[in-house]
Amino acid sequence: MEIDPAAIFDAAPTPLALISPDLTLVAVNRAYEQLMGCTRQEITGRDALEVLEAFHGGSTGETVQAVRHSMEWVMAEKQSDFLPVRRYDVADPARPGALQERYWNITHAPLLDEKGTVIGILAHVQDATALVRQQRELQGAPPPDGSFLTHTAAIEAHLEAQAGRVYEINQLLHQTHIQDQQALEVLRGAVQQQREALTDASHDLRGPLTGLLTRLQDALDDPDADPRQVLGAALHDAERLSDIVSDLLELARLEAGVPVPTEPVNLARLVRGELSRLTPEITTATRLDPGIVVDGSPVRLARLVANLLANAQRHARSRLEVTVGADGDHAVLEVSDDGPGIPDEDKEAVFRRFYRRADARRSDPGGTGLGLPISRQIAQTHGGTLHVSDRPDDSPGARFVLRLPLSGADGDR
């Protein structure tokens with residue numbers, strides 16, 4: 001015997017309605033028609049919320065919004081949602097223009113295709129009118145003065161208030177669920193980032209470690225090997241290992257937010273000190289405005305500046321440009337070079353751990369690929385930003401821009 005899903009839907013004893021993702025009422029069953037007191041021809045093809053407003057005189061604007069929020073949440077989260085008992089009066093067929101008092105609760109369930117996309121919402125309605133009336137009877141007989149309508153109104157108000165509180169709790173649970181999902185996504189991102197960092201670190205540590213082991217093994221196998229040459233090469237590999245480990249530890253401290261002492265730092269003076277350590281083989285043009293003071297760790301800020309200068313010197317053909325100034329309430333340091341520049345698609349990638357462009361590997365084979373990530377992390381821990389910007393007038397080369405909040409300290413410090 002072949003089963004007809006449409007016939008089962010229509011014959012279901014409980015009221016059911018199928019709603020499209022744009023909230024159009026697509027289909028209803030016979031039980032839903034009876035509950036509504038109208039035919040499916042009168043309501044299908046219309047906006048479900050419009051039908052609610054047109055055919056339910058007892059439903060308020062708040063009720064309509066609750067139904068809307070429920071359906072939108074179901075489509076976004078792909079989970080069922082329950083709306084507590086509310087008043088939805090329907091037309092009285094025996095008295096044209098009059099309404100019959102009705103109380104319903106509604107469950108909205110998502111309909112998903114094989115790819116998990118929401119293709120509709122199934123609304124399951126339960127009539128709680130008899131339960132509400134029974135609760136009224138349990139509340140006691142009408143007052144002796146005969147003011148039954150006033151007594152009934154009080155009960156209705158109580159029920160509405162209770163339903164409103166349930167709805168507020170439901171919305172709070174929804175919001176908490178959304179926040180939990182967002183926190184979970186952040187956690188997943190952090191775990192993935194740590195996995196990638198571990199993979200990258202393992203790869204970069206393996207190179208010098210393998211080189212060190214190979215050199216020592218070759219020295220043991222070759223009795224005629226020059227000990228000083230072997231030790232020199234081994235020392236080079238050990239120094240590279242030490243650099244990588246030191247940089248990884250510094251990144252870990254920065255990301256963990258380990259507090260360090262801060263003080264007012266004259267940025268121009270700090271930059272001038274780091275410039276004095278550069279080799280004089282490249283022309284350096286500077287414009288360092290005096291009195292630009294920021295609050296921070298002198299050691300970490302010096303490392304940031306040194307990293308930017310070393311990176312610029314590594315890629316420059318013949319010239320560096322370094323400026324320090326103020327822009328509103330921020331200090332601005334710019335370090336530019338006239339090298340090959342950084343393509344747009346790499347302007348964020350250069351701040352990833354161990355990311356090194358081909359020209360960087362050629363110019364500095366011993367680099368760790370951690371200098372720029374450390375520099376950005378230092379900037380962020382000081383409440384600032386570090387990014388790659390285009391050079392003015394489309395000049396060739398790269399331009400790194402550091403912005404840090406200005407300090408209220410004396411600029412002569």
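Let's start inside: the lining of the largest cavity has 14 nonpolar, two polar and no charged residues (Ala, Val, Leu, Ile, Met, Phe, Trp, Tyr, Cys and Pro count as nonpolar, Asp, Glu, Lys and Arg as charged, and the others, Gly among them, as polar). This is a predicted model, in which local features need pLDDT of at least 70 and side-chain atom pairs pLDDT 80 or more, while totals for chains, interfaces and linings use all residues. Residues are numbered from 1 along each chain as its sequence is written, and side-chain values use heavy atoms, without hydrogens and water.

A cavity here is a set of points on a 1 Å grid over the protein atoms alone where a 1.4 Å probe fits but cannot get out, and lining residues have an atom within 4 Å of a point. There is one cavity of 30 Å³ or more. The largest cavity holds about 190 Å³, a volume being the space filled by probe spheres set on the points, which are joined across faces, edges and corners. Among its 16 lining residues, Tyr32, Ala48, Leu52, Val67 and Ile106 lie nearest the centre. Helix α4 gives the largest share of the lining, four residues (helices are DSSP runs of H or I, at least four residues, and strands runs of E, at least two, numbered from the N terminus).

Now turn to the open sheet, whose five strands run β2-β1-β7-β6-β3 with antiparallel pairing (two strands pair if DSSP finds at least two bridges between them). At its edges are β2 (25-28) and β3 (81-87), each pairing on one side only. Strand β1 (residues 16-19) joins β2 over three antiparallel bridges, and there alanine 17 stands opposite valine 28.

Technical notes
On a 1 Å grid over the protein atoms alone, a cavity is a set of points where a 1.4 Å probe fits but cannot get out, and a pocket is an open set with protein on both sides within 12 Å along at least five of seven lines; lining residues have an atom within 4 Å of a point.
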